[in-house]
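These are my notes on the model, point by point, for comparison with the coordinates.

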Amino acid sequence: MSAERPGAANLRPAVYPGAMTMRIRRSRPADVTRLHAIWREAVLATHDFLSAEDFAAIDALAALWVAVDGEDRPVAFMGLSEAHVDSLFVDPAMHGRGIGAAMIDHARGGAAGLGGTALSVDVNEQNDKAVGFYAHLGFRVTGRSERDDEGRPYPLLHMTMA
């Protein structure tokens with residue numbers, strides 16, 4: 001596994017049990033269709049509390065990090081703003097293979113370059129799988145909002161990596 005992050009091209013090799021051969025790179029315009037499919041499939045598989053209208057539109061897919069397989073096909077993507085994970089979606093067919101953990105490890109490496117800033121993420125409280133995933137990786141709940149960023153009645157847990 002390798003990473004394409006400026007100034008960190010030679011990260012230590014990472015081994016994730018069950019993970020396929022992959023590397024993490026910035027998204028490309030040609031990835032958009034597959035990334036949208038991953039987003040949609042992952043949301044349908046994990047966000048059963050959302051209405052159809054609530055996930056019908058996806059934000060612009062710019063400046064994303066993409067996990068790709070050995071044939072350069074996207075299998076996951078992550079939106080990252082400095083030390084905050086804006087989004088992380090893994091193709092449901094690839095769940096349990098360490099891809100999400102590899103993406104968070106990649107984000108942690110970028111956060112380390114921000115002078116000790118802790119990595120953070122906001123998670124839908126009703127998404128038990130995601131809450132458990134982040135807790136397993138060392139994130140702890142630091143706050144809660146009654147509504148999501150769009151003002152919808154989906155509570156968010158604010159989590160920071162310990």
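1. In this predicted model, the buried residues of H1 are Leu-35, Ile-38, Trp-39, Ala-42, Val-43 and Thr-46. Seen down the helix axis, they fall within an arc of 120 degrees, so they line one face of H1. An α-helix has 3.6 residues a turn, so residues three or four places apart point the same way.

2. On the other side of H1, Thr-33 and Leu-44 are exposed. The buried residues of H1 pack against E2, E3 and E4.

3. The length of H1 (residues 32-46) agrees with expectation: at 1.5 Å a residue, its 15 residues should span 21 Å, and the end C-alpha atoms are 21 Å apart.

4. The largest nonpolar core has 26 residues, of which Val-85, Ile-99, Met-103, Ile-104, Tyr-134 and Phe-139 touch the most other members. Two or more residues each come from the strands E2 (64-68), E3 (74-81), E4 (84-90), E5 (120-124) and E7 (156-161), and from the helices H2 (99-112) and H3 (128-136). H2 gives the most, with five residues.

5. One backbone angle deserves a look. Asp-72, in the loop between E2 and E3, has a phi near 65 degrees, a positive value in a residue other than glycine. Most residues other than glycine have a negative phi. Is Asp-72 buried, exposed or partly exposed? Its relative accessible area is 25%, so Asp-72 counts as partly exposed.

Definitions and conventions
Residues numbered from 1 in each chain as written. Predicted model: local features only at pLDDT ≥ 70, side-chain atom pairs only at ≥ 80, totals over all residues. Heavy atoms only, no water. Core = buried A, V, L, I, M, F, W, Y, C linked by side-chain atoms within 4.5 Å. Buried < 20%, exposed > 50% of the residue type's maximum accessible area, 1.4 Å probe, protein only. Helix = DSSP H or I, 4+ residues; strand = E, 2+ residues; numbered from the N terminus. Expected span 1.5 Å × (residues − 1). Arc of directions from axis to C-beta. Contact = heavy atoms within 4.5 Å.
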